[in-house]
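User: I have a structure open and would like to go through it bit by bit. Can you take my questions as they come?

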Amino acid sequence: MSSLACRLRRIFTAPLPAATKTPTKTTPPPPGPSKTPAKTTASLPANSETPAKTTAPLPATSKAPAKTIKRWSFNYSTPTEMVEQFKKFSDSNRFRSRAKLYEKAVLTLASAEKFSSIEEILEHQKQYKEISTETFAVRLIVLYGKAGMFEHAHKLFDEMPKLNCERTVMSFNALLSACVNSKKFDKISGLFQELPASLAIVPNVVSHNIIVHAFCEMGSLDSALSVLDEMEKVGLEPDSITFNTLLFAFYQRDSYADGEKIWDLMKKKNVAPNVRSYNAKLGGLVSESRMSEAVELFDEMKSSGIKPDVFTLHFLMKGFCNAGNLEESKRWFGEIAKNDLPPIRATYMIIIPFLVENGDFEMAADLCKVVFRRRWLIEPALLQQVVEWLVKESKIEEATELEELAKLKGKFQIMLELPSSDKK
C-alpha cells in the first residue's frame with residue numbers, strides 16, 4: 001500500500017460521535033487571513049469540464065449503517081479508490097457535516113498533487129441540498145484555496161447564484177482568502193476593487209484584514225499600512241488581527257524600530273495586545289539577539305494577565321539556542337511541558353541539533369523518541385549521531401530501540417545503521 005494510501009486510510013478511520021436525529025450544522029471558520037498558508041505550490045490542473053448545474057429536485061440522501069459511520073474502515077490502495085468511497089459516504093448527512101474530514105482529505109491529496117481528485121470530490125458535493133447554503137459553499141471555496149486551486153474557487157463563487165446560493169460578504173471573504181492561500185497576489189487588488197460594487201457587497205473588517213495579510217505576504221508593507229487609511233475612510237476600525245498581521249511583518253521582516261511604531265499605533269487605537277501581539281514582539285527581539293529584553297517582555301506579558309502559548313516559549317528557547325546558552329535553552333523548553341502546552345515540530349527541530357552540538361546526547365535521544373511517536377520528520381544524519389553516541393556509552397538497548405522506531409516509521413525513508421558495540 002502506498003504512503004499516500006496509508007495517510008488517507010488514517011484520515012477515514014477516525015471515530016465519530018454517536019448519531020443524532022438532526023444533522024449537525026457545520027459553520028466553517030471565518031475566512032480571515034490564514035494562520036497556516038497552504039504549502040502546495042504545484043501547478044494547477046488544467047480546467048476540466050464539470051457536470052451541468054441543475055436546480056431540479058435533489059436526490060434523496062441515504063443513511064449509512066451506524067457501525068460504518070462510527071468508524072470508516074476503507075480498503076483501498078489508490079487515491080482513485082479513496083475518492084470513490086468519499087463520494088459514496090458523501091450521501092450521508094452526517095458525513096457532510098464533518099468539515100474536518102473534508103479538509104484533511106483535500107490537504108492530503110494536495111500534498112500528493114492529486115488536484116483532479118480534489119476537483120472530483122468537491123464538485124460531487126454540488127448535488128446535495130447543502131450547496132444552497134452559503135456556509136457549505138464557503139467551505140468548498142476555502143478548501144479549493146488551501147489546495148492552491150484558485151481558479152476552481154473563483155468558478156464556484158461565480159456559480160453560486162445558479163446553485164440558488166446567496167453571495168454575501170462571507171463568500172466574498174472566502175474568495176479573497178482562497179486567492180491569498182493560492183498565492184495569486186496579482187489578482188487580489190482587482191477582486192477587492194471590482195467585485196463589491198458589481199455584487200452590492202460591502203467589505204467588512206475581515207475583508208480588509210485579508211488584504212493587509214496579502215500585502216504583508218508580498219512584502220509590500222507600505223501598501224499594507226495604507227489599508228488602515230482606507231478603513232478609516234469607510235468608517236471601519238482595525239482590530240487585533242489587523243495589528244497582529246502588521247506586527248509580525250514589521251518586527252520580523254523589516255526592523256524592530258518600525259515594529260514598535262505599529263505597537264504604539266495599536267495602543268493609540270485602543271486595541272489591547274494579546275498573546276499573538278507579544279509573540280510578534282518577542283520574535284523581533286529574538287531576531288536581534290536581545291534576549292534580556294525578551295525575558296523582560298515575557299514577564300510583562302504575564303503581569304498583564306496574558307497566558308503564554310507554545311510559540312511564546314518557542315521564541316525564547318530559540319533565542320537562547322542562537323545565543324549558545326544550553327541551560328537557558330533547556331529551561332525554556334521545559335516550560336512548554338510545565339505549562340501543559342502542545343509541542344510543535346519546529347521546537348524539536350531546533351533543540352535536538354543544539355543538544356547534539358553541545359554533547360547532551362541523552363536528552364537528544366529522549367526527544368528523538370518523541371519525534372517518532374508524533375510521526376514528525378527528522379534528518380537521518382542527526383539520528384545517526386545520537387545512535388552512535390548511545391552505542392559508545394554502551395546503551396545498546398536504547399540505540400536498538402531508536403533504530404527500530406526509525407524502521408517502523410518507513411514513510412521517513414530513514415535507514416539507520418547501528419554501529420558495532422566494539423567501537424566504544
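Predicted model: local features only at pLDDT ≥ 70, side-chain atom pairs only at ≥ 80, totals over all residues.

User: What is pLDDT, and what does the chain average?
Analyst: pLDDT is the predictor's confidence in each residue, from 0 to 100. The chain averages 83, and 78% of the residues score at least 70. Over residues 14-74 pLDDT stays under 50.

User: How many helices and strands are there?
Analyst: The chain has 22 helices and zero strands.

User: Back to α5. How far apart are its end C-alpha atoms?
Analyst: They are 19 Å apart. Helix α5 covers residues 99-111, and its 13 residues should span 18 Å at 1.5 Å a residue, so the two values agree. The expected span is 1.5 Å times one less than the number of residues.

User: Which residues of α5 are buried?
Analyst: Leu 101, Tyr 102, Glu 103, Ala 105, Val 106, Thr 108, Leu 109 and Ala 110. Buried means under 20% relative accessible area, exposed over 50%, and partly exposed in between (1.4 Å probe, protein chains only). Across the 424 residues of the chain, 47% count as buried.

User: Which residues have the most contacts inside the largest nonpolar core?
Analyst: Ile 118 and Ile 352, in a core of 120 residues. A nonpolar core is a set of buried Ala, Val, Leu, Ile, Met, Phe, Trp, Tyr and Cys residues joined through side-chain atoms within 4.5 Å.

User: What does Ile 118 touch?
Analyst: Not counting residues up to four places away in sequence, Ile 118 touches Val 106, Leu 109, Ala 110, Tyr 144, Ala 147 and Met 149. Contact means heavy atoms within 4.5 Å. Val 106, Leu 109 and Ala 110 are among the buried residues of α5.

User: New topic. How many disulfides does a search find?
Analyst: Zero, in the whole structure. The test is a pair of cysteine sulfur atoms within 2.5 Å.

User: Is Cys 165 buried or exposed? And Cys 216, buried or exposed?
Analyst: Cys 165 counts as buried because its relative accessibility is 5%. Cys 216 is buried too, with a relative accessible area of 4%.

User: Where is Tyr 251?
Analyst: Tyr 251 is in helix α13, residues 240-253. Its relative accessibility is 3%, so Tyr 251 counts as buried. Leaving aside neighbours within four places in sequence, its contacts include Tyr 256, Trp 263 and Ser 287.

User: And Asn 270, where is that?
Analyst: Asn 270 is in the loop between α14 (256-268) and α15 (275-287). Asn 270 has a positive phi of about 60 degrees although it is not a glycine. With a relative accessible area of 73%, Asn 270 is exposed.

User: What about Ser 289, buried or exposed?
Analyst: Ser 289 counts as exposed, at 58% relative accessibility. Ser 289 sits in the loop between α15 and α16 (291-303), and has a positive phi of about 60 degrees without being a glycine.

User: Last one: which loop holds Asp 360?
Analyst: The loop between α19 (345-357) and α20 (361-373). Asp 360 is buried, with a relative accessible area of 16%. Beyond four places in sequence, Asp 360 touches Lys 330 and Leu 355.

Notes. Residues numbered from 1 in each chain as written. Heavy atoms only, no water. Helix = DSSP H or I, 4+ residues; strand = E, 2+ residues; numbered from the N terminus.
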